Amino acid sequence: MAVLLLWQCSVEKNTSSTRFYHNMTARYNIYFNGYENFKEGVAKVSENHTDDFAEILPVFDYSAPSTPSYCSSDMERAIQKASKLISLKSITARPNNIDSRNDISEKDREMLERKEYNDWVDDSYLLIAKARFYKHEFESAKSILEYSITSANEQTVKDEASLWLARLYNETGNYNESSRILHDMKFEPESKGLLAMYHTTLADLFVKQKRYGEAIAPLVKAIENVSGKKTRYRLMFLLAQIYDQTGDGAQATVYYRKVIKMRPPYEVEFYAKVKQANILDVNAANTVEVRRQLERMLRDSKNNDFQDQIYYALGNLSMKEGDIEEAIRFFRLSASAPSMNQNQKGRSYLALASYFYSKPDYMEAATFYDSSMYFLNETYPDYLSIKTTSQSLNVLVENLKTVQAEDSLQKVAAMTEQQRTALISQIIAGVVKAESEGAASGTSDRYNMGQFYENERRFQGQISQEGSWYFYNQSALTFGRTEFRRRWGDRRLQDNWRRANKSVIADIQDEPEDEAGGMAGDTTEVKVLDNKQPDYYLQNLPMNDSLLAISNNRIAGALLNAGKAYAEMLNNPAKATETLEQIKRRFPSSELVPEALYNLYNINKEINGVRSETYRQELLTAYPESEFAKILADPDYFAKKLAELKAVETLYEKAYTQYSAEDFASSIATVNEALGKFAGDALAPKFMLLKAYCVAKTGDERRFKEELNRLIRQFPESAEAIKASEISAFLNQTVPELKVEEDRQTAREIYSADKSANHYFAVVIDNPAFNMNQATFDIISYNIDNYTNSNYRTEGDMVVGKFTIITVSGFRDFREALGYYTAFSAEKSIRNPEGNKIHTFLISRANLNILKSDGNIGSYDIFFRENILE
């Protein structure tokens, strides 16, 4: 009997009783459980979603990238239940009680044309699509929704599927398709659920595209049809924001008040009140009362976590009233207020940045844009635009800082010694005072970077962007502080702060030799990093003509880059022209003048044709042979350059084809032709490396190495030179006599065998991390034991990345130095537990400087033994 009952209820049979049975069990068992899982997932998304009421709210809370992480497990269970229903409860057999061979009614014909006879199968497909939508599996959801639209029996299911497909297109940015779907849909007034879905989806379409004016009507309709208090006050808040965006402050105020009347959570009520203050029309409203209200809110303990927003609102109010100083003060208070709302800090800094940018004060603007970028989330509206502006300003400010710094250094270098000493003493006094005040208040870490200039503004008047002493410029230094922290973190001011191992690094300076051939005094010096020492300020001053020339080149290059930044990044042709003109005026003989004139011509071409033509004529007349003059003089110049590039490429392809065919002689001839015509071309290193490969196939290792070395010397920074260096190093290992011969030849070219010069005895250890202090102590001990009556001086140095060197000086002549060299044994006198390679030799001061620059110990070792020791 039970078997018979089961057979009669099988999905293989399609009778009114089987349809009733499977519809009932599908709805109240499988579908009910699956839909409950779906609702639980939706609830978790809503609970975990945090609205930023300071920005335009999203219409829906499922758009956040984090949505799947909150609901995936619930949605997966919903999908499983719906899939189970489709698998077990789908009825596709035709009804048994309708004979299609006879005339049948329209209702029966409609029944026969169905693909599915269980009403809840269509709902299950839709449930799967919605669950995949919430998991952000949009492609899978799209396929199922399209199937539901074409195959579902019920029009309401088709309509709901269409609305979810439109929402999917909104999420994926396919707004045209979403608009097409929504445009063709019509609903009866009694379908409040579908009407609410339709109008919220349409509003979402417009809000996502920032078509705020068009979003108003569907939002009003949506509020009329949606259910649920939270949904209603969110949409009302959004509608108020939209009215604010479109400039209708009166309507915005109406809806903010409606939000408050709904008694939402306190945070929402707070933002509604603050927003009302932000959109206040200072010409039509009582600003005094609004300010008092904000100040009362500031004193209310309930608002301790919202002080940043209140200060921000007060800043906006002051800005509207025209009280700029007060507005800046409030924006600063907003940024510094304790708060977990990082975006609000970013907005406060952005308000300051926008004001200074519009002023324009690009130094200050860069500082605040830099800070706003640190706090703003990447999902913040117009984030990429803000980032671009910040990066552009950073490029500009970096160059302005260079100009400012070099000008300052030149000014100080030009002072008399008495003036310079007085100025530096004044700065140091300020540093000491500020540090003591900082220590007393617990803020001494502000000097972590040696930025000792922070409190010095009282010694200066208004600081301009250029021409004032850099040491006093707050904007530049704040920017520097940000860059420092980004690179190094917070570190206290101390010697060698960059190094994890803060060992003292000795540096033998170029000082005059004394009569005995040694250093005049103790030459073991440490780079000055203490900002309370006068030498800290003196060490970078351009005190001679060569250093002054280098400083001038830096200024000219920075002015050129700053001018380009003004023109190309900030669209400020006036400042660009003013900046580039300085190159002409201050450095008329600079090689950058032609490029400056070319840029001045282009910048002014659209805005001042007469001025632009003046620059053009000056460039063509004064610098006819420059690349920039040729560009202006010859309209076909670029075409010719392209033809030249093509010719070079053709020659390289020819040479490479000959090399591949093992016609090495022809390939070398083609390379020589190319290098003769285009020696300075970008492909020259490739030609030279190809020639070296050809030589390797036809000659010996010596010629091959010569070609490699020629490439390394001529184009040391090129990728081909790096490859050549790797091959050369391999040859040195496999054919060591080549290395010896090369070192011998190099040494003869760079070193002098003058035995009449005063010589040092040198101990050189290949390892730059060798314990220099210990080795120095060992040699001093050796001298005390063996040369008690000799006034020898022992000094250590580390050539970074190359070797450690200890020198002994004070010999009367070469013979005495030679006797010391002969008697000294490194193995017996220097502790060397790791067995590092140790060289000993005699070396003159001139040769020592060359060795430290060249870094090749083996080369000098050979030279010493063959040319000095012999």
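Predicted model: local features only at pLDDT ≥ 70, side-chain atom pairs only at ≥ 80, totals over all residues.
**View 1. Helix H18 (residues 362–375) packs with helix H19 (residues 383–414) at an angle of about 135 degrees, their axes 8 Å apart.** Helices here are DSSP runs (H or I, at least four residues), numbered from the N terminus. Axes are lines fitted to C-alpha atoms over the stretch in contact, with angles running from 0 to 180 degrees between N-to-C directions. Residues are numbered from 1 along each chain as its sequence is written, and side-chain values use heavy atoms, leaving out hydrogens and water.

**View 2. Here's who meets whom between H18 and H19.** On the H18 side, look for Tyr362, Ala366 and Tyr369, among others; their partners in H19 include Ile386, Leu393 and Leu400 (contact means heavy atoms within 4.5 Å).

**View 3. Phe237 and Tyr256 make an edge-to-face pair, so called because their ring centres are 5.2 Å apart and their planes sit at 75 degrees.** Rings of Phe, Tyr and Trp (its six-membered ring) pair with centres within 6.5 Å; planes under 30 degrees apart are stacked, over 60 edge-to-face, the rest tilted. Phe237 is in helix H11 (residues 229–245) and Tyr256 in helix H12 (residues 249–261), so the pair ties together parts 19 residues apart in sequence. Phe237 and Tyr256 are both buried (under 20% relative accessible area, 1.4 Å probe, protein chains only).

**View 4. Phe270 and Tyr271 form another edge-to-face pair, at 5.6 Å centre to centre and 80 degrees between the planes.** Phe270 and Tyr271 are buried too.

Technical notes. Helix = DSSP H or I, 4+ residues; strand = E, 2+ residues; numbered from the N terminus. Buried < 20%, exposed > 50% of the residue type's maximum accessible area, 1.4 Å probe, protein only.
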